[in-house]
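Please take a moment to look at the sequence and the structure side by side, and keep both in view while reading the paragraphs that follow.

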Amino acid sequence: MNARVTIEKTAEKYGLFTALGLILLFFIMKLIGVVHVIELRALNVFVLAAGVIMALRYFSKTKPESFTYLKGLGLGVLTGIIASVLFGIFVFIYTNFIDPAFMQAMIENEPFGQYLNPYIAGVAVTVEGIASGLIMAFITMNYMDTTDTM
C-alpha cells in the first residue's frame with residue numbers, strides 16, 4: 001500500500017481537499033454576508049495551512065523512510081499550488097459566469113477595482129495562494145520530523 005503513495009498523488013489529493021475547503025469558506029462568507037470584507041481573505045491562509053499540514057502529516061506517517069526536508073517542502077508547495085490554481089479557476093468562473101454582479105461590486109468598491117476583471121481576480125487569488133502555500137510549507141517543514149541527518 002505504501003508503494004502507491006507518492007508526493008504527487010498526495011499533493012493532488014490534499015490540494016483538491018484544500019480547494020474545496022476554500023470554496024466552502026467562500027460560500028459560508030457569502031451566506032453570512034461578509035464576502036465583501038477584504039480583510040477576511042486572511043482566513044484563506046488558515047484553510048491553506050490546514051491542507052498543507054494534513055498533506056505533510058499523511059505523507060510522513062505513510063512513508064516515513066523517504067520523508068526528507070526537501071521532499072516535504074516540495075509536497076507542501078505542490079499542495080498549495082494545486083489548491084490555489086483550482087480556487088483561482090473557481091473565482092474566475094464564479095465572477096465571470098455565476099455572479100457577475102459580485103465582480104461589478106468588487107470593481108466599484110475595492111481600492112484598485114477599476115483594474116479588476118474576472119481574469120485578474122482569478123490570477124490574483126492564485127498568486128496569493130501560491131505565495132501563502134510556499135510560506136506555510138516552509139514554516140511547517142521546520143517543525144516536522146524528517147529522515148535527514150546532519
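The helices themselves (H or I, at least four residues) are DSSP runs, numbered from the N terminus, as are strands (E, at least two). The model is predicted, so local features need pLDDT of at least 70 and side-chain atom pairs count only at pLDDT 80 or more, while totals for chains, interfaces and linings use all residues. Residues are numbered from 1 along each chain as its sequence is written, and side-chain values use heavy atoms, with hydrogens and water left out.

We can begin with helix α2 (residues 43–62) and helix α5 (residues 118–141), whose axes come within 9 Å and cross at roughly 50°. Angles under 35 degrees count as roughly parallel, over 145 as roughly antiparallel, 65 to 115 as roughly perpendicular and the rest as oblique, and α2 and α5 are therefore oblique to each other. Helix α5 also packs against α3, at an angle of about 160° and with the axes 7 Å apart; α3 and α5 are therefore roughly antiparallel to each other.

With a relative accessible area of 35%, Ala-50 is partly exposed, a term for values between buried (under 20%) and exposed (over 50%), found with a 1.4 Å probe and protein chains only. Tyr-69, in helix α3, is likewise partly exposed, at 21% relative accessibility. Tyr-69 and Asp-145 are 76 residues apart in sequence, yet their C-alpha atoms are 8.5 Å apart in space.

Which elements give two or more residues to the nonpolar patch? The patch covers about 870 Å² of surface, and Leu-16, Phe-17 and Ile-81 are among the residues that make it. The elements in question are α1 (7–31) and α3 (69–98), and the largest share, seven residues, comes from α3. A patch is made of residues with over 30% relative accessible area and no salt bridge, where nonpolar side chains (Val, Leu, Ile, Met, Phe, Trp, Tyr) are joined within 5 Å and like charges within 9 Å; a salt bridge is a side-chain nitrogen of Lys or Arg within 4 Å of a carboxyl oxygen of Asp or Glu. Ile-93, another member of the patch, sits in helix α3 and counts as partly exposed at 36% relative accessibility.

Notes
Accessible areas come from the Shrake-Rupley method with a 1.4 Å probe; for residues, only the protein chains shown count as cover. Axes are lines fitted to C-alpha atoms, for helices over the stretch in contact, and angles run from 0 to 180 degrees between N-to-C directions.
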